[in-house]
Amino acid sequence: MDDFYTRLARELKKSEKDIWVETVLTGEHAGEKRILAGEEADAGDAAEGGPAVPAGQAGKEKERVFRERAGHTPKLIVCGAGHVSMPIIRIGKMLGFSVTVLEDRPKFADNARTAGADEVICLPFSEGLARIKGDGDSWFVIVTRGHRYDTECLEAILNKPRAYVGMMGSRRRTALVKEQLEQKGCDRTALEQVHTPIGLKIHAETPEEIAVSVMAEIIQMKNTRTRTEGYPEELLQELTREDGREKVLAVIVSKKGSAPRGVGTKMLIREDGSCIGTIGGGCMESEIIQKALLMIRAGQPEFQVCKVDMTAGEAEDAGMVCGGTAEVMLERTGR
């Protein structure tokens, strides 16, 4: 198991394409895992989180396989380092994004570093964006000081893979940018997908309020995509840490009704009972933690899938209002 997560971490660092993980849930191969990338992933016949047929199993009885996109750390790319960008950077870091800021003025670039940006590229915007490849986890925010720079940034971004692009400015200013780019040959459909004016409509006025509206729109989009949450950086670091301590990884692999967290949500339970992440809290999480600690202390099993029923009287007595059921995969790691 440990070697698997070391390989997964290595693949996520070097690959620019989506990485997928399959885990066999039932049958004689229960607990076996594999990494899929590129064409191999595209050839899979299952939706994310759904059943699939493992390699070599064609023609045999189907085994239940959990398939999920491992993904990468979401990347927030902020074009411009003015007064609105500073709270955007700080909120982005709080939400787990890797934040890159592009700014052509050295003093403003220094402000972005002070605000906590992971990377600051102090170059003309076109040169800086040439260094950004973009992918399905790239979230672009254009908050430059003028429509000339907005146009320069948006034209470059529309030629990159991305999850989102939003541009700050008045309706008149953003319409002018789109019109100029359409005249230069940019696809109208792509231009219409740009979020302008940027952010949710919450009557934001201050830079901090505008930053909240921008990041709220990004959260809204990110969390409505049909994707599992992948492997957060902190969790993956702990899975690959060679400290000799046993841990159990808990993953929600299916749910019915209004279970508190989605399929693919993960929690890592250490042998001292401390955890990284959450699968929803309450009696559901408590039950899973107890099962995980029993696995560690008893030394078995190495892998199991547990059903948690949140419609029972015990859940009602605890005040839970979820009213659903979930299957949680538990696997021991760290040996």
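Predicted model: local features only at pLDDT ≥ 70, side-chain atom pairs only at ≥ 80, totals over all residues.
Five strands form an open, antiparallel sheet, and their order across it is β11-β10-β9-β13-β12. The edges are taken by β11 (275-277) and β12 (303-309); each has a single partner strand, so one side of each is left without a neighbour in the sheet. From one strand to the next, the twist averages 20°.

Within this sheet, β9 (residues 247-256) and β10 (residues 266-270) run antiparallel and are joined by 5 bridges. To find one of the partners, look at Leu-249, whose bridge partner in β10 is Leu-268. A helix, α11 (residues 282-298), packs on the sheet and touches β9, β10, β11, β12 and β13 (325-333). The direction of α11 makes about 45° with that of β10.

Now turn to Arg-69, which lies in strand β3 (residues 65-69). Arg-69 has a relative accessible area of 5%, which is under 20%, so this residue counts as buried. Its side chain makes a polar contact of 2.7 Å with the side chain of Asp-137.

The last stop is the largest nonpolar core, which has 27 residues. Those with the most contacts inside it are Leu-76, Ile-88, Ile-89, Val-99, Val-101, Val-141 and Ile-218. At least two residues of this core come from each of β4 (75-79), α3 (85-94), β5 (98-102), α4 (106-115), β7 (138-142) and α9 (207-224). The most is given by α9, with 5 residues.

Methods:
Residues numbered from 1 in each chain as written. Heavy atoms only, no water. Pairing = 2+ DSSP bridges. Helix = DSSP H or I, 4+ residues; strand = E, 2+ residues; numbered from the N terminus. Axes fitted to C-alpha atoms, helices over the stretch in contact; angles between N-to-C directions. Contact = heavy atoms within 4.5 Å. Buried < 20%, exposed > 50% of the residue type's maximum accessible area, 1.4 Å probe, protein only. Polar contact = N/O pair within 3.5 Å; in protein donor to acceptor, adjacent residues only side chain to side chain. Core = buried A, V, L, I, M, F, W, Y, C linked by side-chain atoms within 4.5 Å.
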